[in-house]
Amino acid sequence: MSVVGAQPFIKPMQPSPSVSPGIQRRHTLPASEVRPLNTQDAISVFEIEREAFISVSGECPLHLDEVRHFLTLCPELSMGWFEEGRLVAFIIGSLWDQDRLTTEALTLHKPCGSTVHIHILAVHRTFRQQGKGPILMWRYLQYLRCLPNVRRAVLMCEDFLIPFYRKSGFKVLGRCAITVANLTFTEMWYPISGHAYMRRNSEAIRFPQHPLTLPLTKTDEHVDV
């Protein structure tokens, strides 16, 4: 799927005030940024995923080869949050072309589909309880509005996560046809409509061609993961 011309929703941070020539930056990495993931991020992604999910459900949504698979086929449907170059949270998605998820949706990317299947949202253990999960999901959903062919996002989750995703605006579709080992899931969806946010932010930089800086606001900081 082409994303040429898709403009996201985040403006770059304003330039910092000029400083004395004698004061130099200690590093060149941005304090906080969002960018699409690539295959070089796969190991960091899998390490966070494995720690987050194995301890809770005993199963990883994506194995390492599947992470690489989706980051090769549709990196523009991924989003990683980095703090000083370190991956702290991420989302991986792919396109799907049916009303409901089936087992094939776990491994396939359908370029002509209008539904984004969100495979996974995970936050590094050191950065949990800081609101990063909801913040990243909100930014991801806003970004999807910039993709002209996307009409909705879907995901499947265990029942204890339903309140979390409801806070992000997802609605319950019903029981998911997919089971993994002894786990059952609920399917949820989010409507993607209009490009109003993109138009209001006409000065936003392009995604995914350039990294996006993420200045946190007080509003962001109080959201629970």
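No disulfides are present in the structure, a disulfide being a pair of cysteine sulfur atoms within 2.5 Å. The model is predicted: local features need pLDDT of at least 70, side-chain atom pairs count only at pLDDT 80 or more, and totals for chains, interfaces and linings use all residues. Residues are numbered from 1 along each chain as its sequence is written, and side-chain values use heavy atoms, with hydrogens and water left out. Cys-112 is exposed at 82% relative accessible area. Cys-146 is buried at 4%. Buried means under 20% relative accessible area, exposed over 50%, and partly exposed in between (1.4 Å probe, protein chains only).

Helix H3 covers residues 132-144. Helices (H or I, at least four residues) and strands (E, at least two) are DSSP runs, numbered from the N terminus. Of the 13 residues of H3, 12 are buried, so the helix is largely enclosed by the rest of the structure. Among them are Ile-135, Arg-139 and Tyr-143.

Leu-37 sits in the loop between strand S1 (32-35) and helix H1 (42-54). Its relative accessible area is 1%, so Leu-37 is buried. Ser-78 is 41 residues away in sequence, yet the C-alpha atoms are 5.8 Å apart. Leu-37 also touches residues including Val-45, Phe-82 and Ile-92, where contact means heavy atoms within 4.5 Å.

Strands S6 (171-180) and S7 (183-191) pair in the antiparallel sense over six bridges. Pairing requires at least two DSSP bridges between two strands. Arg-175 is bridged to Thr-186. Two residues separate the strands of this hairpin, and Ala-181 in the turn has a positive phi of about 55 degrees.

Note on methods:
Expected span 1.5 Å × (residues − 1). Lists of a residue's contacts leave out its neighbours within four places in sequence.
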